[in-house]
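Please take a moment to look over the sequence and the structure below before reading on. The paragraphs that follow lead you through them step by step.

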Amino acid sequence: MNQLKSTKISNLIVFLFLALCPLAAIAQSGGTSSSYSRFGLGLLNDQAQGWNRAMGGVGVALPSGNKLNTMNPASYAHLDSLSFILDAGMSGNFGHMSMAGNRVNVNSASLDYVLAGFRLHKGLGISFGFKPYSTISYNYTTVDKEAYRDAATGELVRNTTNYQGDGGLNQVFIGLGWKPFQNFCIGANMGLLWGGYDHVMMQEYTTDGESNSHFDAFNFMQHADVLTYKLDFGAQYAFRVSPRDWLTIGATVGLGHKFDGDAFLYRFMTTGDTLMVDGEKDGLDIPMSYAGGLAWQHKNVLLVSADAHYQTWEGCRIPAMVIEKGNVTYPSTDKMYKNNYSVHVGAEYTPDPLATKGYFKRVKYRIGVSYSSPYLNIPQGTGGLESSSEGPEEFGVSLGFGLPISNRYNNRSMVNLGLQWLRRAPGTHNNLITENYFILNLGVTFNERWFMKFKIQ
């Protein structure tokens with residue numbers, strides 16, 4: 001009977017793992033269909049994993065142990081001495097975008113991360129893996145509200161513009177966490193960022209609903225290739241406040257710097273030729289980032305945590321297309337961004353982690369909320385960057401479950417299911433798109449006892 005249960009569970013693990021693998025290709029094109037990914041570096045990806053996304057994205061003060069926590073590399077120092085941990089996650093987005101009474105349904109899916117970690121030595125843990133940093137994926141069309149009359153022919157002409165974008169930045173990293181003395185840990189993640197983007201704008205002029213090539217359309221593509229590094233440092237300190245209660249303080253710092261990448265603007269001519277209009281070398285930046293967090297744990301039953309994050313996007317540069325009086329340029333500008341902050345609060349409750357009977361007593365029940373201020377300034381029109389609107393705020397509510405996978409050899413692997421409601425709204429400006437999504441998160445943590453010595457009898 002035990003062997004049968006073990007076989008069923010093993011088949012479930014294999015099935016879930018194989019279901020995740022084909023989505024690796026989707027990760028390159030992104031898991032979004034948001035028009036806001038047209039600006040800046042795109043939409044910034046959630047750096048939390050399946051288990052803590054259900055807790056509102058908290059993680060700065062949470063340790064690793066039987067699971068990985070890449071949000072603070074200091075946590076790797078807590079990795080279990082007997083285990084090799086493999087963590088993979090995917091998500092599906094189901095929602096709609098609305099503006100001025102119009103509504104469009106959008107769905108997408110993505111592979112969110114593939115991570116691994118284990119203990120190297122007492123007080124020293126290592127983690128490595130893949131996580132997207134930002135995503136660009138959109139395709140939408142705008143039509144002039146009013147037609148204008150051509151001075152030469154007297155015909156009514158209307159302009160239709162299609163916008164398409166694809167790309168984003170991915171990161172691979174390796175990190176170390178070290179415990180130099182009791183209850184205090186430090187760590188670092190060293191990563192490689194790579195990727196790029198293609199933003200295409202294609203215009204079509206129509207006369208009485210039919211295409212008219214008499215007009216010289218503005219058809220452009222913005223292209224960039226990026227390869228650079230990313231460094232993040234973290235620390236955690238835990239202290240006992242009562243025989244059953246622990247309080248952990250965590251902090252992280254990420255280094256900002258210029259990108260080692262080139263960006264170019266191309267124009268598609270009516271003759272069929274492609275002309276490079278302008279280019280920028282090393283004209284992109286990523287910001288300094290800071291985060292702090294608190295976590296309170298009561299026995300192994302209740303965990304409550306809160307994080308605050310701050311990123312100094314103001315002053316970071318990115319090339320932007322500017323059309324003024326028929327002239328097109330592609331300068332690097334620092335007007336596209338603004339400093340942003342986010343707050344996250346979450347909790348996890350396990351009725352009885354050591355219960356030998358009653359499966360649902362060992363299930364981890366999670367809930368969380370989050371808020372993020374805008375990091376983008378959205379240019380209005382094509383006449384320069386001086387006129388812009390504040391980008392969207394993000395509100396999120398999440399809940400989920402950690403479902404243990406148990407057999408005679410392993411009771412620490414986990415399937416993490418989570419559901420998020422995310423609202424992306426234009427803050428103080430009502431002339432931008434509002435987005436509402438339900439996001440289904442699936443994460444699988446394989447926690448195997450690779451380093452245990454078995455005694456043969």
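**A walk through the predicted model**

The protein chain has an average pLDDT of 84, and 83% of its residues score at least 70, where pLDDT is the predictor's confidence in each residue, on a scale from 0 to 100. This is a predicted model, in which local features need a pLDDT of at least 70 and side-chain atom pairs count only at pLDDT 80 or more, while totals for chains, interfaces and linings use all residues. Residues are numbered from 1 along each chain as its sequence is written, and side-chain values use heavy atoms, with hydrogens and water left out.

Confidence is lowest in helix α2 (residues 24-29), with a mean of 41, and highest in strand β16 (residues 302-311), at 98. Over residues 1-30 the pLDDT is below 50, although this stretch has 34 contacts in the model beyond near neighbours in sequence, a contact meaning heavy atoms within 4.5 Å. Where pLDDT is low, the predicted coordinates should not be read in detail.

The protein chain has three helices and 27 strands; these are DSSP runs numbered from the N terminus, with helices (H or I) of at least four residues and strands (E) of at least two. Among contacts between residues at least 6 apart in sequence, 67% join residues at least 24 apart.

To see how strands are joined, follow strand β21 (residues 340-349), which runs antiparallel to strand β22 (residues 364-372) and is joined to it by eight bridges; two strands pair if DSSP finds at least two bridges between them. β22 also pairs with strand β25 (residues 393-405), again in the antiparallel sense, over nine bridges. Ser372 in β22 stands opposite Ser342, and the bridge partner of Ser372 in β25 is Glu394.

Of the 457 residues of the protein chain, 49% count as buried, that is, under 20% relative accessible area, whereas exposed means over 50% and partly exposed lies in between (1.4 Å probe, protein chains only). Asp198, in strand β7, is partly exposed because its relative accessible area is 29%. Leaving aside neighbours within four places in sequence, Asp198 is in contact with Gln164, Gly165, Asp166, Met221, Gln222 and His223. The C-alpha atoms of Asp198 and Gln222 are separated by 5.5 Å, although these residues are 24 apart along the chain.

The largest nonpolar core has 40 residues, and those with the most contacts inside it are Leu41, Tyr197, Met321 and Tyr337; such a core is a set of buried Ala, Val, Leu, Ile, Met, Phe, Trp, Tyr and Cys residues joined through side-chain atoms within 4.5 Å. Among the elements that give two or more residues to this core are β4 (124-143), β7 (184-207) and β27 (434-448). On a 1 Å grid over the protein atoms alone, a cavity is a set of points where a 1.4 Å probe fits but cannot get out, and lining residues have an atom within 4 Å of a point. The second largest cavity has a volume of about 40 Å³, the volume being the space filled by probe spheres set on points joined across faces, edges and corners. Its lining includes Arg53, Ser370 and Trp421.

Technical notes. On a 1 Å grid over the protein atoms alone, a cavity is a set of points where a 1.4 Å probe fits but cannot get out, and a pocket is an open set with protein on both sides within 12 Å along at least five of seven lines; lining residues have an atom within 4 Å of a point.
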